[in-house]
Amino acid sequence: MVADISMSTTEFLIRATRLAKEYVQQRPLSRRKFRVHALDGVTLEIRAGSTFALVGESGSGKSTLGLCLAGLEKPTSGEIWFDQQNLLTLKGPDRARISGQIQLVFQDTGAALNPRFSAEEIVTEPLRIRSRLTRAERQPWAEQLMEQVGLPRGWLNRRPHQFSGGQRQRLAIARALCVQPRLLILDEAFAGLDLSVQAQIMRLLQELQATHALTYLFISHDLSLMARIADEIAILHQGRIVEQGKPSDLFAKSRHPVTRALQEAIPGRRCGLSVGSA
Ligand SMILES: Nc1ncnc2c1ncn2[C@@H]1O[C@H](COP(=O)(O)OP(=O)(O)OP(=O)(O)O)[C@@H](O)[C@H]1O
Ligand SMILES: [Mg+2]
């Protein structure tokens, strides 16, 4: 494995360079195929221990970028460096080790959690796949994970439908934490939760970041929410980053019409008042 000497290796946990992803789509009732440039030359760097937010309207390429960074989609071109290693050329055990360090938490936890699994099976599933630990050996992990995300140990036998939406989000976070990741990518992780539950999950994530030295990439269409929690925000539009900066700078100096439109979408422009307050 070869380190990229040209880049600062300690500062950034993950760096994507000129990332492009094309999909071929077909219109309904038509045989004609066309290309969609879901990502069109995205370059970004996320500092270790920081919270980075990717904001954009629907179809701007946010989830595609998250999937590429997590190694679940292969970019058409570009590079991804994680902790000095070129993710796109890694193979075998090296690749498996790194892919465990990047975990995704999806929006729709209802669909993402197997309804037949107990909470215990859900939170330790990555361990079952990656290790040879027996169920009895995984049990203490499950208890500890439940505790870390603020769920009672006594609920380990419950199925997903016996949890509320916010509690299911905690289960999904516990599952992601199971393999001790360094980067968590949270794709619309707060969507569909009411404001008080959003605030609780955000507090939990802040505590986990402090205790586990986690780096976060939040993906959202909600600029207001992201401005309250992110150190840096990138605005994605048609597969390109059109503006990027600290939340306060982005609000004071934003120039791009898409950023302005996202600001206009904030009810009462409450974002400007709450930037920096967690
Ligand atoms: N697997 C796929 N096959 C074909 N096209 C895709 C695929 N995934 C995404 N796309 C296309 O790529 C573009 C970007 O999609 P993506 O899901 O990344 O957007 P998004 O910003 O996450 O949107 P949303 O906010 O609605 O989740 C869209 O035009 C979408 O139709
Ligand atoms: Mg998406």
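**Entry 1: the sheet with S4 and S5**

I looked up S4 and S5 and found antiparallel pairing over 2 bridges; two strands pair if DSSP finds at least two bridges between them. Strands (E, at least two residues) and helices (H or I, at least four) are DSSP runs, numbered from the N terminus. I worked on a predicted model, in which local features need pLDDT of at least 70 and side-chain atom pairs count only at pLDDT 80 or more, while totals for chains, interfaces and linings use all residues. Residues are numbered from 1 along each chain as its sequence is written, and chains are lettered from A and ligands numbered from 1 in the order in which they are written.

I noted Trp81 with Asn86 of S5 as its bridge partner. The S4 and S5 hairpin has 2 residues between the strands, and Asp83 takes a positive phi near 50 degrees there.

I then traced the whole sheet: it is open, has 4 strands in the order S2-S1-S4-S5, and its pairing is antiparallel. Strands S2 (33-47) and S5 (85-86) are at the edges with a single partner strand each, so each has one side without a neighbour in the sheet.

Strand S1 (residues 12-26) is joined to S2 by 12 antiparallel bridges, and I recorded Gln26 with Lys33 of S2 as its bridge partner. S1 is also joined to strand S4 (residues 77-82), by 5 bridges and again antiparallel. Here I found Thr17 opposite Glu79 in S4.

**Entry 2: ligand 1**

Which residues are closest to ligand 1? I listed Tyr23, Ala38, Ser58, Ser63 and Thr64 as the closest of the 13 residues that surround ligand 1; a residue is near a molecule or strand if its C-beta atom, placed from the backbone, lies within 6 Å of it. S1, S2 and helix H1 (62-69) are the elements giving two or more residues to this shell. H1 supplies the largest share, 3 residues.

By class I recorded 3 nonpolar, 9 polar and 1 charged residues in the shell. Ala, Val, Leu, Ile, Met, Phe, Trp, Tyr, Cys and Pro count as nonpolar, Asp, Glu, Lys and Arg as charged, and the others, Gly among them, as polar.

**Entry 3: the mixed sheet**

I found an open sheet of 6 strands with mixed pairing, in the order S6-S7-S8-S3-S9-S10. Strand S6 (102-105) and strand S10 (240-245) are its edges, each with a single partner strand, so one side of each lacks a neighbour in the sheet. Neighbouring strands are turned by 20 degrees against each other on average, direction ignored. Axes are lines fitted to C-alpha atoms, for helices over the stretch in contact, and angles run from 0 to 180 degrees between N-to-C directions.

Strand S3 (residues 51-55) runs parallel to strand S8 (residues 215-220), with 5 bridges joining them. Phe52 has Leu217 of S8 as its bridge partner. I saw H1 packed on this sheet, touching S3, S6, strand S7 (183-187), S8 and strand S9 (232-237), with its direction at about 155 degrees to that of S8. Residues are in contact if their C-beta atoms, placed from the backbone, lie within 7 Å.

**Entry 4: H7 and H8**

I checked helix H7 (residues 165-177) against helix H8 (residues 195-212): their axes come within 10 Å and cross at roughly 20 degrees. Gly166, Gln169 and Arg170 in H7 meet Val197, Gln200, Ile201 and Leu204 in H8. I counted 3 nonpolar, 3 polar and 1 charged among the residues of this contact.

Conventions:
Two residues are in contact if their C-beta atoms, placed from the backbone, lie within 7 Å.
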